[in-house]
Amino acid sequence: MIILEKETDQYIQDYIMGHKLRFPGEAIMDFCQKYREEKKKEWSLYTITEAVSENLHDVLRDELKNLV
């Protein structure tokens with residue numbers, strides 16, 4: 001059993017109705033799953049950004065060496 005603010009409880013109840021769920025636990029599991037998916041995307045975008053930045057740095061460094 002958990003205690004929630006009225007606003008949070010109402011949000012969960014609205015979510016349950018809007019997504020045709022039966023229990024608050026199902027809504028919370030759905031929230032958690034969506035959160036995990038977003039964290040994976042965030043990590044993935046971070047990894048891609050780092051790889052692109054590193055490659056761009058290498059290319060620019062090589063090009064600058066050719067100019068000198």
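Okay, some housekeeping. What you see is a predicted model, where local features need pLDDT of at least 70, side-chain atom pairs count only at pLDDT 80 or more, and totals for chains, interfaces and linings use all residues. Residues are numbered from 1 along each chain as its sequence is written, and side-chain values use heavy atoms, with hydrogens and water left out.

Let's start with charges. Side chains of opposite charge can pair when their charged atoms come close. I'll call something a salt bridge if a side-chain nitrogen of Lys or Arg sits within 4 Å of a carboxyl oxygen of Asp or Glu.

Take Lys34 and Asp30, whose side chains pair up at 3.5 Å, N to O. Why can these two reach each other? They're four residues apart in helix H2, residues 24–67, so about one helical turn separates them. Helices here, by the way, are DSSP runs of H or I, at least four residues, numbered from the N terminus. Both partners are partly exposed: Lys34 has a relative accessible area of 38%, and Asp30 has 24%. On that scale, buried is under 20%, exposed is over 50%, and partly exposed is in between, using a 1.4 Å probe and protein chains only.

Further along H2, look at Arg61. Its side chain meets Asp58 in a salt bridge at 3.2 Å, N to O, and those two are three residues apart in the helix, about one turn. Arg61 also bridges to Asp62, with the closest N and O atoms 3.9 Å apart. Shared partners therefore join Asp58, Arg61 and Asp62 into one salt-bridge network. As for accessibility, Arg61 is partly exposed at 36%, Asp58 is partly exposed at 26%, and Asp62 is partly exposed at 37%.

Last stop, the backbone. Most residues other than glycine have a negative phi. Now, which residue has a positive phi although it is not a glycine? That's Lys20, at about 55 degrees. Lys20 lies in the loop between helix H1, 6–18, and H2, and it's exposed, with a relative accessible area of 74%.
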